[in-house]
Every structure is written in C-alpha cells, then in structure tokens.
Amino acid sequence: FSRHNVILFNVFVSNWYFRCSIWDIIVLQVVFYAVSLLTSIFILMKKQRISTIMISFKDLIFSSLVFPTSTFVCATFWSMYLYDRDLLYPKYMDSIIPEWVNHGMHTLVFPLTLVETFVIPHQYPSVGKGLSIVGMTALAYLLWIFYYFAKTGKWIYPVFKFLSPLGMIVFAGVAVITLFYYMLGRFLNHMIWGESMLDVHKKKSR
C-alpha cells in the first residue's frame, strides 16, 4: 500500500466502532442471535417464565432494531456506493478489506433479516413504542457522529466532507427512513403471518 492509503486505513480502523454497519453486525446481529439461541434453550428446558421474557425481548430487538437497521444499512450503503463509492467506501479499501467482508457487513444482513421474517413470526410492539425506539436509536447515532467530529475534527463517513451545513441537515434527515423500514417490517410480518398466527405465537410464549 502507499503511505497515504496506510494512513487512511488506520483512520478507518480506528473509527470502526462508530460505523453503523459495524454496530449492526457486532451489536445487533450478534446479540439478537445469541438471545434467540438462549430462548430456544429455555423453551427446550420448559422454563416457561424465562422463555416468555426472552421471546418478548427477542421480538422487541428484532422488530425495533434489527429489521430497520439491517434494511437501512444495506439500502443506504449500496445506493450511495453505486452513485459514488468514494462517499462511503473509497476504492482503495478493496485492496485492504476482502470483498466477502464488505458483503458480510453491507449485504448479508438484509437477506438474513428477511429469512427471519419469513420463517418466524414476531410480536411487534405498539406503533408508538416501536417508532420511539427506532427514532431514539437513529438520533443517538447521529449525535454520536457529530460528537466524534467535534472531538477529533474528522468525519466518520467521507460524504460529510462534501456537504454544506444545510446538506448535513438534509443527510441527517435520511435517518428518518429507518422509521419507514420499521413500518415495512411490521407490514411484512402481518402479511406473512396474520393476526391469528401471531396470537398463537404469543400464547406459546406464555
């Protein structure tokens, strides 16, 4: 690598824990599937009280966080990548991070979420509660991005370098799309499973 690329890569690595795709994979995906595994174990052990709590918690994580963020990461990343990849993922990164890792972070999360949606019914929280969780999560992440810039003088995503203050506000508004993705997940869950099946799923958790 050139000295310039090495420096940029070091910046990228040092900022990895601020990136939405990393949070989505390491935090949400791992925690969700770990909770799912524990839930299955408790069900097999016939621990009804714990199983009920775990199923409710698992459904809340999936509906309010996993589905919206996974869809947002995949849709936003690849849309901007196709428009101008340098805004998010400069070309030199191809020689540093394997392509399969890139797809693991920005592609695989979405089909896995769809499989979960089509295979297992989920009890969604009220619309108000679900949207509140999604909205607060999106707001917290945006505040975290601006906090990092205020602290270091560097942007996590290159796209922010090219935006005016008004452009940043507009771009930050894109996070509102996560609210739409929450409603999309809710709609798909209802269309696939229907109210009767969701009621059965809820009763089994008791």
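A: **Nonpolar cores and a surface patch**

Along the sequence the chain reads α-α-α-α-α-α-α-α, that is, 8 helices and 0 strands. Helices (H or I, at least four residues) and strands (E, at least two) are DSSP runs, numbered from the N terminus. The model is predicted: local features need pLDDT of at least 70 and side-chain atom pairs count only at pLDDT 80 or more, while totals for chains, interfaces and linings use all residues. Residues are numbered from 1 along each chain as its sequence is written, and side-chain values use heavy atoms, with hydrogens and water left out.

The chain has 206 residues, and 42% of them count as buried. Buried means under 20% relative accessible area, exposed over 50%, and partly exposed in between (1.4 Å probe, protein chains only). Taking contacts between residues at least 6 apart in sequence, 78% join residues at least 24 apart; a contact means heavy atoms within 4.5 Å.

The inside comes next. A nonpolar core is a set of buried Ala, Val, Leu, Ile, Met, Phe, Trp, Tyr and Cys residues joined through side-chain atoms within 4.5 Å. The largest such core has 20 residues, and Met93, Ile145, Tyr157, Val159 and Phe160 have the most contacts inside it. Helix 3 and helix 6 (127-152) are the elements that give two or more residues to this core, and helix 3 supplies the largest share, 4 residues. Leaving aside residues up to four places away in sequence, Ile145 touches Trp155, Ile156, Tyr157 and Phe160.

A second, separate core has 13 residues, among them Leu28, Val35, Met54 and Phe67. Met54 lies in helix 3 (residues 48-84) and counts as buried because its relative accessibility is 15%. Beyond residues up to four places away in sequence, Met54 touches Val35, Leu38, Thr39 and Phe42. From Met54 to Thr39 the separation is 15 residues in sequence and 5.6 Å in space, C-alpha to C-alpha.

Now the surface. The accessible surface of the chain is about 11900 Å², with 74% belonging to carbon and sulfur atoms; such areas come from the Shrake-Rupley method with a 1.4 Å probe, and for residues only the protein chains shown count as cover. Val115, Phe118, Val119, Phe187, Met191 and Ile192 make a nonpolar patch of about 590 Å². Helix 5 (109-119) and helix 8 (177-204) are the elements that give two or more residues to this patch. Phe187, found in helix 8, counts as partly exposed because its relative accessibility is 47%.

How values were computed:
Patch = residues over 30% accessible without salt bridge, like charges linked within 9 Å, V, L, I, M, F, W, Y side chains within 5 Å. Salt bridge = Lys/Arg side-chain N within 4 Å of Asp/Glu carboxyl O.
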